Amino acid sequence: MLLIMLYCFMSLQSRLKEAVQLLEDYKHGTLPPGVTNKELWGAQKIKQAIIHPDTNEKIFMPFRMSGYIPFGTPIVVGLLLPNQTLATTVFWQWLNQSHNACVNYANRNATKPSPTSKFIQGYLGAVISAVSIAVGLNVLVQRANKFTPATRLLIQRFVPFPAVASANICNVVLMRHTELEEGIDVLDSNGNIVGSSRIAAKHALMETALTRVVLPMPILVLPPIIMSLLEKTSFLRSRPRMVLPVQGLVCLAAFGLALPLAISLFPQMSEIETSRLEPEIAVATPSKTVVYNKGL
């Protein structure tokens, strides 16, 4: 198994190196004969999935968007487990927001340096907010005596969504608040840096935060509905050990639906009119619009 993993890693490294070299050859007009547009687009996709557009450094695999589903699905299954105790609620919310914090930081706009202390502050704030919201909602549900045990169990299954959605907004803002303070680079149509804009940074964080609200919606809402129906079937009633594997497959399918949907809401390189930015930026370029990396 270790040899297979090592082989896959080396193969991926080789493909990335070839993709980057192919794009460099295209940039300098030295493409080898016979290279098709399909191959160039394929190389671009490989590079964009692995290399950060601002730092040109590789993003650690668990924190890439392409790694969000395989590394995030087990956490989603944990969040949706029935009969959560206080300890398990805290654990799964901590694990989920820790993963989200690292994903947000790894895919941020990195045109300005961010000290490690800012990351630690943002991480602690994001995790504390997530755990507090989730625990608070669970306590409210537990104290709602007017609900029957079955209804309370069903409601508890939906608690993760408002908790995660609210905490995701806090997570994005806290992990990337340095961008609001220092601004992010905006570029003209030729790729030249026009200036550093706090207004563009605000738009970038708002767009990213919205995707983080949409992302958990199908993941944390659909599986509880589907599982409440499947658990009534004779198949799962007679095979209780299959409940967890089936729930894992349902969560995986929901994740596969939600991630492309959320990411497609806004392009990574977003466009904004220069007239909406700071006056010094508006007068620094004749371009009517500029682009910025909103992050993922």
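Buried, in this talk, means under 20% relative accessible area, exposed means over 50%, and partly exposed is in between, with a 1.4 Å probe and protein chains only. By that rule V194 is buried, because its relative accessible area is 17%.

The model is predicted: local features need pLDDT of at least 70, side-chain atom pairs count only at pLDDT 80 or more, and totals for chains, interfaces and linings use all residues. Residues are numbered from 1 along each chain as its sequence is written, and side-chain values use heavy atoms, with hydrogens and water left out.

First, the chain as a whole. There are 13 helices and four strands; these are DSSP runs, H or I of at least four residues for helices and E of at least two for strands, numbered from the N terminus. Of the 296 residues, 43% are buried. A contact is heavy atoms within 4.5 Å. Taking contacts between residues at least 6 apart in sequence, 70% join residues at least 24 apart.

Back to V194. V194 sits in strand 2, residues 193-197. Beyond residues up to four places away in sequence, V194 touches V186, L187, D188, I281, A284, T285 and V290. Its C-alpha atom is 9.8 Å from that of S287, which is 93 residues away along the chain.

S270 belongs to strand 3, residues 269-273, and is buried at 3% relative accessible area.

Next, T211, in helix 9, residues 198-214. T211 is buried, with 3% relative accessible area. Its contacts, leaving aside neighbours within four places in sequence, are A262, L265 and F266.

Now two helices by length. The expected span is 1.5 Å times one less than the number of residues. Helix 4, residues 86-106, has 21 residues and should span 30 Å; its end C-alpha atoms are 30 Å apart, so the two agree. Its buried residues include W92, H99 and V103. Helix 7, residues 160-175, has 16 residues and should span 22 Å, which agrees with the 21 Å between its end C-alpha atoms. Among its buried residues are F161, N168, N171 and M175.

Last, the surface. L222, I225, I226, L229, L230 and L257 make a nonpolar patch of about 480 Å². Patch residues have over 30% relative accessible area and no salt bridge; like charges are joined within 9 Å, nonpolar side chains (Val, Leu, Ile, Met, Phe, Trp, Tyr) within 5 Å. A salt bridge is a side-chain nitrogen of Lys or Arg within 4 Å of a carboxyl oxygen of Asp or Glu. Helix 10, residues 216-230, supplies the largest share, five residues. L257 lies in helix 12, residues 243-263, and is partly exposed at 49% relative accessibility.

Definitions and conventions
Accessible areas come from the Shrake-Rupley method with a 1.4 Å probe; for residues, only the protein chains shown count as cover.
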